[in-house]
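These are my notebook entries on a single chain, kept in the order in which I looked things up.

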Amino acid sequence: MTTNRPASSPTPADQPAGGAAFLLAQLGTHAAERFAQRIAAIDLTPPQAGLLRLLARTPGRSQRELADDLGMPPNRFVPFADKLEERGLIERRRNTEDRRLYALHLTDQGRALLADLRQVARTHEQELCAPLSPEEHQQLTAMLTRIAAHEGLTPGVHPGYRRVR
């Protein structure tokens, strides 16, 4: 019996189970877990890495602004930042415009750890996307960026930070 299906068309058995949304969730979970394992080697958690990256891009922001950007309740953010300050990675300085607020900044030690974090992230990206050509990698990144923007996600901020304790 012949079919009208083109030879290059996948059969139902060849198609991924669950579609694009499932694959995004599956790969996202896998990538997040693998990234967490990788940065544990430099003594960071994903939320800590996120804050360091955010402070590198926008230093001197208030704790409240940073908590809002991370989607983290302020009462959780303060002890979270305390741990990074105790490690000497960030410092609080009085906000020059409003002395009631503290502005957070990376320390020299924090910037050094951020350099290590960037190398780990590059390796993670390269290994995860190894099956793709450079053009496919660019296309995938562009498509995922569009989807994230459509969903209202903050660029560079993992939505899981809302649950940080």
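I looked up Asp82 and found that, with a relative accessible area of 26%, it counts as partly exposed, where buried means under 20% relative accessible area, exposed over 50%, and partly exposed in between (1.4 Å probe, protein chains only). I keep in mind that this is a predicted model, in which local features need pLDDT of at least 70 and side-chain atom pairs count only at pLDDT 80 or more, while totals for chains, interfaces and linings use all residues. Residues are numbered from 1 along each chain as its sequence is written, and side-chain values use heavy atoms, with hydrogens and water left out.

The side chain of Asp82 meets that of Arg92 in a salt bridge at 2.9 Å, N to O, the term standing for a side-chain nitrogen of Lys or Arg within 4 Å of a carboxyl oxygen of Asp or Glu. This pair links distant parts of the chain, since Asp82 lies in helix α4 (residues 74-86) and Arg92 in strand β2, 10 residues apart. Helices (H or I, at least four residues) and strands (E, at least two) are DSSP runs, numbered from the N terminus. Arg92 is buried, at 18% relative accessible area, and it forms a salt bridge with Glu85 as well, the closest N and O atoms being 2.5 Å apart. Glu85 is partly exposed, at 32%.

I then searched the whole structure and noted 9 salt bridges. In one of them the side chains of Arg61 and Asp69 meet at 2.6 Å, N to O; Arg61 counts as buried at 18% relative accessibility, whereas Asp69 is partly exposed at 27%. Salt bridges with shared partners join Arg61, Glu65 and Asp69 into one network.

Entry 3, the sheet. How many strands form the sheet, and in what order do they lie? I recorded 3 strands in an open, antiparallel sheet with the order β1-β3-β2, taking two strands as paired if DSSP finds at least two bridges between them. Because β1 (61-62) and β2 (90-94) each have a single partner strand, they stand at the edges, and one side of each is left without a neighbour in the sheet. β1 pairs with β3 (residues 102-106) over 2 bridges in the antiparallel sense, and Ser62 has Ala103 in β3 as its bridge partner.

I looked for nonpolar surface and found a patch of about 460 Å² made by Leu24, Leu132, Leu140, Met143, Leu144 and Ile147. Patches are made of residues with over 30% relative accessible area and no salt bridge, with like charges joined within 9 Å and nonpolar side chains (Val, Leu, Ile, Met, Phe, Trp, Tyr) within 5 Å; accessible areas come from the Shrake-Rupley method with a 1.4 Å probe, and for residues only the protein chains shown count as cover. Helix α6 (residues 134-150) gives the most to this patch, with 4 residues. Leu144, which is placed in α6, counts as partly exposed at 32% relative accessibility.

Asp43, in the loop between α1 (19-40) and α2, has a positive phi of about 60° although it is not a glycine. The chain has 6 helices and 3 strands, following the pattern α-α-β-α-α-β-β-α-α along the sequence, and 27% of its 165 residues count as buried.
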